[in-house]
Amino acid sequence: MLAAAEAQASGFYLTEQSVGSVGRATAGQAAIAADASTVVGNPAGMTELGSAQVMAGVTVLLPKTSFRNRGSSAATPGTGGAALAYGGGSGGNPFGAEALPNAYAAMPLPLPGSDLWLGIGVAAPFGLSLDYGSDWFGRYDSIESSLSTVDVAIVAAYRVFDWLSVGGGLNVQSIDVRLTSAVPDTLAVGGPSMASDGRSVLRGDDVSLGFNAGILVEPVPGTRIGIHYRSAITHTLKGRASTSGLGGDLAAANGSADAKADIRLPDIVSVGAAQAAGERLTLLGEVQWFNWSRFGEVRVRPQGGGGELVLPQDYSDAWAIAVGGEYRVSDDLGLRAGVRYETTPTSDRFRSTGVPEGNNYSAGIGLSYRLLDGVAIDLAAFHTRAEAGNVSLSRTFFAGTPAAGTVATKGRARMHATAGGLAVTSRF
């Protein structure tokens, strides 16, 4: 569960939190209540499961990004203040195959006539993992970026009326972050190079709490509407910031110190609908809002004194819309499909090489098949393609000293990803 992966969604939010949801491209996740993954989609849906369930699944992501240098340059004392191009390759594909496991359980309270359900779920709602290598042109922005989360949801649901259920609970979320980038030797004659670069590493982790709440309404038979709210979580990372590899007059900048930094993850509102269209077909829709404007900057605060390092992010709120459907071929076999469109929270002014995506388009297909009485498998495939994202960042190193120099990282990224998932559900 500690594996991180490139987000194929809003910023570094991961939509791949259940295999069934992957096959629907998340359409109707807040309303369909088809299996135990409703613990995270909308816990109020547990009252519709009929019997206790345990499910476990994994989605494997195969992302790919390609970058093109569009005139990156450095203006340093070593260049006489002139903006000169510096060396570096394209970075290749910084992503490898990543596995995102999840597990859910839901059960009614074992009391006669009880309308109370309990559930627990483990998933990775946010993630990012890439490694461009130290010889690419964007190394002064990022070489390696890793952000992984593990979220444990402990929830309950209650059927208030035949047509209304409510649910919610606690989210216990851990996060682990590591950011690595190159530090230019601004005094190197002719400009910085891979041979004279230093390296900066920021690492930290935290465990914090959040909550979620939802309702599920069935105003008429065959129609379900679900609303789910997932609270924002602010993580105060505790770890170390270190710089190494600088030589000459800049060697004094090498060293490490304990540091803290806040990561403000967004709250998310989801509104879903599931509409029966005959005995076998269900039409699905979902709209989500992400409060990404909370993620304005990452401010690293050394604990032993010294200046703060501020990494601007300038995220904006984002939206997603998904539509799809499920078709019950037989009592044993069900098919599903969906499409999703999502806006990016990143801005042209501060878009980084760590999350260089534009708006993205996704499609998913999947099936459920009952193997044995009470045991079923889910299979899903998913593809995402993002609009090209432009990166144009200017960062000053050793500001306020005679060694002050500025690196302008300019590039254009194209991104797409394919995913496949498998889950097993046991009902009892």
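User: What are the ground rules here? Which pLDDT do local features need?

Analyst: The model is predicted: local features need pLDDT of at least 70, side-chain atom pairs count only at pLDDT 80 or more, and totals for chains, interfaces and linings use all residues. Residues are numbered from 1 along each chain as its sequence is written, and side-chain values use heavy atoms, with hydrogens and water left out.

User: How many helices and strands are in the protein?

Analyst: The protein has 2 helices and 21 strands. Both are DSSP runs, numbered from the N terminus: helices are H or I with at least four residues, strands are E with at least two.

User: And the overall dimensions? What does the C-alpha trace span?

Analyst: About 80 × 40 × 35 Å along the principal axes.

User: What percentage of the residues count as buried?

Analyst: 51% of the 428 residues. Buried means under 20% relative accessible area, exposed over 50%, partly exposed in between (1.4 Å probe, protein chains only).

User: What is the accessible surface of the protein?

Analyst: It comes to about 17100 Å², and 59% of that belongs to carbon and sulfur atoms. Areas come from the Shrake-Rupley method with a 1.4 Å probe; for residues, only the protein chains shown count as cover.

User: Switching to strands. Which strands pair with S21?

Analyst: Among them are S1, S2 and S20. S1 (residues 53–69) pairs with S21 (residues 405–427) in the antiparallel sense, over 17 bridges. S2 (residues 73–75) is antiparallel to S21 too, over 3 bridges. S20 (residues 375–397) and S21 are antiparallel over 21 bridges. Two strands pair if DSSP finds at least two bridges between them.

User: New topic: the nonpolar patch. Which residues form it?

Analyst: Tyr158, Val160, Phe161, Trp163, Val166, Ile215, Ile225, Ile227 and Val271, with about 730 Å² of accessible area together. Patches take residues with over 30% relative accessible area and no salt bridge; like charges are joined within 9 Å, nonpolar side chains (Val, Leu, Ile, Met, Phe, Trp, Tyr) within 5 Å. A salt bridge is a side-chain nitrogen of Lys or Arg within 4 Å of a carboxyl oxygen of Asp or Glu.

User: Where does the largest share come from?

Analyst: S7, with 3 residues. S7 (144–161) and S10 (223–230) each supply at least two. Val271 sits in S13 (residues 268–276), and is partly exposed at 37% relative accessibility.

User: Now Gly28. Where is it, and is it buried or exposed?

Analyst: Gly28 is in the loop between H1 (19–23) and H2 (38–41). Gly28 is buried, at 0% relative accessible area.

User: What does Gly28 touch?

Analyst: Ala273, Leu284, Gly285 and Glu286, not counting residues up to four places away in sequence. Contact means heavy atoms within 4.5 Å. Gly28 and Gln275 are 247 residues apart in sequence, and 9.4 Å apart C-alpha to C-alpha.

User: What is phi for Thr26 and Ala33?

Analyst: Phi is near 75 degrees for Thr26 and near 50 degrees for Ala33. Most residues other than glycine have a negative phi. Thr26 is buried at 7% relative accessibility, and Ala33 is buried at 8%.
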